[in-house]
Amino acid sequence: MNFNRLAAVARKEIIQILRDSRSLAIVVLMPVTLMLLFGYGVNLDLKGLPVYVLDRDGSQQSQDLLKHFQASSYFHIARVVNDYPTIARALDDGSAKMAIVIPWNFSQRLSEGGPVEVQALVDATDDNTANVLIGYTQAVVQGYSSEVQTTWLNQRGQQIQPAPVGVQTRTWYNEDLESSAFIIPGVLALVMSVIGAFLTSLTIAREWERGTMEQLISTPVSAMEIMLGKLAPYFVLGMFDVVLCAVIAIYWFHVPFRGSFVTLLISSAMFLVVVLSLGFFISVLAKNQFAASQIALLITFLPAFLLSGFLFAIEQMPIVLQWITRILPARYYVSVLKKIFLKGTATAMLSADLIPLAVFAFVLTLLATRAFHKRLT
Amino acid sequence: MPEANYSVVVENLGKRFGGFVAVDGLNLKIPKGEVFGFLGPNGAGKSTTIRMLCGLLKPSTGRASVAGFDVGREPEAVRQNIGYMSQKFSLYNDLKVIENLRLFAGLYSVPSQLLRQRIDWALEMSNLRGQENLITGTLPGGWKQRLALGCAVLHKPPILFLDEPTSGVDPISRRQFWDLIHHMAEAGVTVFVTTHYMEEAEYCNRLALIFRGTMVALGTPSELKRDSMKGELLLVECDPLGPAVEMLQSAPGVLDAAVFGNALHLVVQDSAAAAPQIHAYLSERKVSLRKIERIRPTLEDVFVSVTTVRGGAAEVNS
């Protein structure tokens, strides 16, 4: 290994990156864009869902019940209508996610001591949202129901008996139940995949495509020097993006950061080595920018997005998919990220994730160096 | 001569790609300081040979040594001793002239105390002084080729491999480039250069004609013109030219007939005997003959001659 030759390759690569506005844009704008996109755009919290109301009773009691709905931040009473067809249309075109129909005898049945039923029509296209809506609706109606009961008992001079069993919940790690806190740390894995695999797969394939690789390998520079010289600048850019993303996450989105910053840097460095080696390996085999970039996105970005636990919990995946996630480096990195950010897990307790990451980094580096020969074919 | 006096020694060198034999049983010895030309049409195996000699392709058969190192077993030692210019321009177009020079100086481990001097020398030689800060991609073709040569010689290699260095370059730049090559050779550098330009071949000390992967002739340009023709050459000026060439191709005693400018070149066994026969043959067919004389063959005639004998005409650019 000759440091001067390695430095010559690295210097050349840096000049090329600085001169190519597109790769610079990817390095700076892509992390910011992804952060904002996932921070604001992907919101798994359900708030202010539009609800239509058909109040056939129009009594004081029915208004009371609707006030309970209005008071909940999950619902937003978009319109009060007078007939069923309007409701059906609203559910059809999506302007309402749910409609509440209060029967004409609502107040009458209540005054008789019940029971009376309120109808909720739910758009269940998205089953998850529908389930949550049903749960919230039941909670609101139950709340109203017990209020009515209390009033009755008070009128008869009886005391309400407290329920024999209650639940006291304490939410840990993500106390405010913000989905952004769950999502944002994982965005780092996406950013690293793009910087690491996508950009590097382009840079080496480009050399084959333009014929510059032939000139490069005709010199005494070794395969290892080419690889390290070309990857080193991207490693630095990747680490820059780690810090950039962490700063955005912590100071803009107020995602809690409870773990060690050093561990964040070390695990990010390991994951970067993994994706850089993968990108290098792919471009050695593909030797064509288009194919290399497509393959790089397919085998790094997509799994990081879908199978890493970034958005969708691995424990809820079919068992076969769960096995597959075990061979995805992104899975371990996302797991480390969530633990460092939200839980503040001690570094020693992260070994279940860090050891596989280290193994991947080692094996892929080896694979990349083995695959790259200073020969034309 | 002992082997140490040769820059390049090639023994039975061959390369096949799947079922296609690109280079077949090549034997060569190139002494130090020679400008050796490798002449042949596109696809003849020139680039494949040069790539094997630079250690970029592994030979399928035979062996070759460059600067005393085996190209198959010691490619790194070979690379330290050669400068290589690939057929396609392959410096970095998005780097400045000076940045390309610095890169290759770094890759060739030019010592830092010599760096400035070598880069100055390369700029001087390639006549690019004052253009250091131009982006390489914006340079005209001839300048690019000179820069590529400059980058290939920063480490003062004893052997230079130039693969069609002047293709796509205007004639004046081509001429300048060859002046550069001769300066190198005068300084003792061995130059192995491929070309498909016949007139460039004349600038070489020695030439190998290569056709379909095999060497069909080897010698100095004048030796080739003297010895390699199968027969003698007649220049025929006649009218009309087009029909005449077709008639003569099947005329008795004519080995080959081809149009050269506004005249015909005929290859015959014995020019003294053939001239009157051709005169009669043409006048029978109402072709008016203005002139018929024996001429010295050009390299192009030699090339056409040696490749036609092997069957199938070669496409030759002049």
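The structure is a predicted model, in which local features need pLDDT of at least 70 and side-chain atom pairs count only at pLDDT 80 or more, while totals for chains, interfaces and linings use all residues. Residues are numbered from 1 along each chain as its sequence is written, and chains are lettered from A and ligands numbered from 1 in the order in which they are written.

For chain A, the assignment gives domain 1 as 3-42 + 177-371 and domain 2 as 49-155. Here the C-alpha centres of the two domains lie 49 Å apart.

Chain B holds an open sheet of six strands with mixed pairing, in the order β6-β7-β8-β3-β9-β10. Strands (E, at least two residues) and helices (H or I, at least four residues) are DSSP runs, numbered from the N terminus, and two strands pair if DSSP finds at least two bridges between them. The edges of this sheet are β6 (82-85) and β10 (214-219) of chain B, each pairing on one side only. From one strand to the next, the twist averages 15 degrees; such angles run from 0 to 180 degrees between N-to-C directions, and axes are lines fitted to C-alpha atoms, for helices over the stretch in contact.

Helix α1 (residues 46-53) of chain B packs on it, touching β3 (35-39), β7, β8 (190-195) and β9 (206-211) of chain B, and its direction makes about 155 degrees with that of β8(B). Residues are in contact if their C-beta atoms, placed from the backbone, lie within 7 Å. Helix α6 (residues 171-186) of chain B lies across β3, β7 and β8 of chain B, running at about 155 degrees to β8(B).

A further open sheet in chain B has four strands in the order β12-β13-β11-β14, with antiparallel pairing. Its edge strands are β12 (254-260) and β14 (288-295) of chain B, each of which pairs on one side only. The twist averages 25 degrees from one strand to the next. Six bridges join β12(B) and β13 (residues 263-268) of chain B in the antiparallel sense, with B:V259 opposite B:L264 in β13(B). Helix α10 (residues 271-284) of chain B packs on the sheet, touching β11, β13 and β14 of chain B, and its direction makes about 165 degrees with that of β14(B). Helix α9 (residues 241-249) of chain B lies across β11 (232-239), β12 and β13 of chain B, at about 160 degrees to β12(B).

In chain A, helix α7 (residues 179-210) and helix α13 (residues 329-343) have axes that come within 9 Å and cross at roughly 140 degrees. That angle makes α7(A) oblique to α13(A); under 35 degrees counts as roughly parallel, over 145 as roughly antiparallel, 65 to 115 as roughly perpendicular and the rest as oblique. The crossing of α7(A) past α13(A) is right-handed, a crossing being right-handed if the near helix is turned clockwise from the far one by less than a right angle and left-handed if anticlockwise. Residues in the contact include A:P185 and A:L188 of α7(A) and A:Y333 and A:F341 of α13(A). By class, this contact has ten nonpolar, two polar and one charged residues. Ala, Val, Leu, Ile, Met, Phe, Trp, Tyr, Cys and Pro count as nonpolar, Asp, Glu, Lys and Arg as charged, and the others, Gly among them, as polar.

Helix α7(A) also packs with helix α11 (residues 289-306) of chain A, at about 165 degrees and with the axes 8 Å apart. That makes α7(A) roughly antiparallel to α11(A), and the crossing is right-handed. The contact of α7(A) with α11(A) has 13 nonpolar, five polar and two charged residues.

Between the chains, the contact takes 22 residues from chain A and 23 residues from chain B. On the side of chain A that touches chain B, α1 (3-19) and α8 (212-217) of chain A are the elements that give two or more residues. The largest share, eight residues, comes from α1(A).

Technical notes
Two residues are in contact if their C-beta atoms, placed from the backbone, lie within 7 Å. Domain bounds come from an automatic or database domain assignment.
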